[in-house]
Amino acid sequence: MTRNREPKSCAVCGREMVWRKRWAKNWDNVRYCSDACRKRGVSDIDTDIEEAILNLLSSRARGASACPSEIARVQFPADWRQRMEVVRSAARRLESRGQIEILQNGRPVDASRAKGPIRLRLVFY
């Protein structure tokens, strides 16, 4: 049955997309959760933020976490508060690829539904 398709992550914001009837014919080709994400795309700044997250976390002790605001303050010193959602989106993309975990109260959470403060931690295999 087509309704039991696996959820996937939006290529831009990293939020989970669940199968919908209107996507039945092209579910395998769906990459974006909305028209806004399709128009925005992933820019060079977004990939720089992902790289900054990975660099910061790899410079920390194994299992240590970081706040997304640390990355935002380095990447966007003048207006870091306004850029927090861009950093959180980059973190969700990394989390969907299995490179980092998003935590609240020290426990992994569903990144698509996390509200409030989060922390980021590298995934070690």
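Ser69 touches Trp80 and Met84, residues up to four places away in sequence not being counted; contact here means heavy atoms within 4.5 Å. The model is predicted, and local features therefore need pLDDT of at least 70, side-chain atom pairs count only at pLDDT 80 or more, and totals for chains, interfaces and linings use all residues. Residues are numbered from 1 along each chain as its sequence is written, and side-chain values use heavy atoms, with hydrogens and water left out. Ser69 is found in helix α3, where helices (H or I, at least four residues) and strands (E, at least two) are DSSP runs numbered from the N terminus. With a relative accessible area of 11%, Ser69 is buried; buried means under 20% relative accessible area, exposed over 50%, and partly exposed in between, for a 1.4 Å probe and protein chains only. The C-alpha atoms of Ser69 and Pro108 are separated by 18 Å, the two residues being 39 apart along the chain.

The buried residues of α3 are Pro68, Ser69, Ile71 and Ala72. They cover an arc of only 155° around the axis, which puts them on the same side of α3; the arc is that of the directions from the helix axis to the C-beta atoms. Their cover includes α2, β3, α4 and β6.

Helix α2 comprises 15 residues (44-58), which at 1.5 Å a residue should span 21 Å; the end C-alpha atoms are 21 Å apart, in agreement. The expected span is 1.5 Å times one less than the number of residues in the helix. Within α2, Asp46, Ile49, Glu50, Ile53 and Leu57 are buried. Seen down the axis of α2, these buried residues fall within an arc of 100°, so they line one face of the helix. They pack against α1 (35-40), β3 (65-66), α3 (68-75), α4, β4 (100-104) and β6 (119-122).

Helix α4 is mostly covered, ten of its 13 residues being buried. These are Met84, Val86, Val87, Arg88, Ser89, Ala90, Ala91, Arg92, Arg93 and Leu94. The elements against which they pack are α1, α2, α3, β4 and β6. After α4 comes Gly98, with a positive phi near 80°.

Beyond residues up to four places away in sequence, Ser89 touches Val12 and Cys13. Arg93 is also placed in α4 (residues 84-96) and is buried, with a relative accessible area of 3%. Apart from neighbours within four places in sequence, Arg93 is in contact with Ala11, Val12, Gly14, Val42, Asp46 and Glu50.

Ala11, another partner of Arg93, is placed in the loop between β1 (8-9) and β2 (16-17). Its relative accessible area of 23% makes Ala11 partly exposed. Besides Arg93, Ala11 touches Arg31, Tyr32 and Val42, again without counting residues up to four places away in sequence. Ala11 and Leu54 are 43 residues apart along the chain, and their C-alpha atoms are separated by 18 Å.

A search of the whole structure finds one cavity of 30 Å³ or more. On a 1 Å grid over the protein atoms alone, a cavity is a set of points where a 1.4 Å probe fits but cannot get out, and lining residues have an atom within 4 Å of a point. Grid points are joined across faces, edges and corners, and a volume is the space filled by probe spheres set on the points. The largest cavity holds about 30 Å³ of space. Its lining consists of Arg88, Arg92, Ile102, Ala111, Ala114 and Ile118. By class, this lining has four nonpolar, no polar and two charged residues, with Ala, Val, Leu, Ile, Met, Phe, Trp, Tyr, Cys and Pro counted as nonpolar, Asp, Glu, Lys and Arg as charged, and the others, Gly among them, as polar.

Asn105 lies in the loop between β4 and β5 (107-108). Asn105 is exposed, with a relative accessible area of 73%. The phi of Asn105 is near 55°, a positive value in a residue other than glycine.

Note on methods: 1 Å grid on protein atoms, 1.4 Å probe; cavity = no way out; pocket = protein on both sides within 12 Å on 5 of 7 lines; lining within 4 Å.
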